[in-house]
Amino acid sequence: MPLDLEVLERKATTTSNKKKATPILLVHGYWHGAWCWEETFMPYFAQMGYDVYAVSLRGHGNSPLPKHQTSLWSVRLADYVQDVKTVIDQKFPVKSFLIGHSLGGMVVQKYLEQEDPDHSLSGAVLLASVPGNGMSWTAGVLDPLRKHPWLLLKANLTGNLLGLVNTSDLAREYFFTPDTPQAFVEGWVPHLQKDSYLAFLDVLLWKPVQLDQVRNKKILVVGSDKDKFVTVDEFHATAKAYGGEEALIFEGMPHHLMVAPGWERVAEAIADWFERAYE
């Protein structure tokens, strides 16, 4: 039986958009939940005329774990992909847009491998996403290895990576920029949670996305030059692999493109792409 996942909803606040029948599903990244979209992307796209949904993957936010999984530690990346499929099957009788942030971007890519023709997407946005070939040598692994080796060692020995980001200084370093308001960063940290260590290993060592099953789908890769997890070259490589347009890079912005100062520019660019993708 499918899980009763937490899905936040924001209905379109205008009927002027002829494409309002195309809903948007937002997929969060590691340590997060559906809550991370509530104050920015959800109201923005609702005002643009879209019905917007944000899922909390199993064990995140108010989404439960299934009975056979007693802790988040045992959850695999494939389980998160199944959660997205469940929401799309249950909620979207029409084509939809997907936006996946960070780990959520990898979840979206793996979903596209097995996309149900009856629920094919109008388009997908990989927002500061893990590359399709995993994280083995990305900045997200090398940067903490160089700057915080003991934190990384402890995280791997305990199977709990929350210690890499659960202070305001660390959250600012990896998610935001030096000029992000301190009050905002401090308000963000308490919401962060433990995540699946096995899912992290899946992303680290996961077999590459099967490009022949995903190429030629409508995919937009969005990144930034201050991202501490993925490099600009990796964003462009992902875009090239899918045969689409060049990655859209926002200068001076961090990993959390959906909430950091200037997020409106990111949302506007995605909305413009949705208009073109729909045509």
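**Close-up views of a predicted model**

**View 1. I99 and V125 line up across strands 4 and 5.** In strand 5, V125 is the bridge partner of I99. The two strands, residues 97-101 and residues 123-127, pair in the parallel sense over 5 bridges; two strands pair if DSSP finds at least two bridges between them. Helices (H or I, at least four residues) and strands (E, at least two) are DSSP runs, numbered from the N terminus. This is a predicted model, where local features need pLDDT of at least 70 and side-chain atom pairs count only at pLDDT 80 or more, while totals for chains, interfaces and linings use all residues. Residues are numbered from 1 along each chain as its sequence is written, and side-chain values use heavy atoms, with hydrogens and water left out.

**View 2. S102 sits in the loop between strand 4 and helix 3****.** S102 has a relative accessible area of 13%, so it counts as buried (under 20% is buried, over 50% exposed, partly exposed in between; 1.4 Å probe, protein chains only). Leaving aside residues up to four places away in sequence, S102 touches G29, L127, A128, S129, V130 and H255, where contact means heavy atoms within 4.5 Å.

**View 3. R58 has salt bridges to D79 and D83****.** A salt bridge here is a side-chain nitrogen of Lys or Arg within 4 Å of a carboxyl oxygen of Asp or Glu. R58 and D79 meet at 3.7 Å, N to O. That pair links distant parts of the chain, 21 residues apart: R58 is in the loop between strand 3 (52-55) and helix 2 (77-91), and D79 is in helix 2. With D83, the closest N and O atoms of R58's salt bridge are 2.8 Å apart. R58 lies in that loop and D83 in helix 2, so this pair ties together parts that are 25 residues apart in sequence. R58 and D83 are both buried, and D79 is buried too.

**View 4. Helix 8 is mostly covered****.** Of the 9 residues in helix 8 (residues 197-205), 7 are buried: Y197, L198, A199, F200, D202, V203 and L204. At the helix start, a side-chain oxygen of S196 reaches to within 3.3 Å of the backbone nitrogen of L198. D202 also forms a salt bridge with R76, the closest N and O atoms being 2.7 Å apart. D202 lies in helix 8 and R76 in the loop between strand 3 and helix 2, so the pair ties together parts 126 residues apart in sequence. D202 is buried at 7% relative accessible area, whereas R76, at 39%, counts as partly exposed.

How values were computed
Polar contact = N/O pair within 3.5 Å; in protein donor to acceptor, adjacent residues only side chain to side chain.
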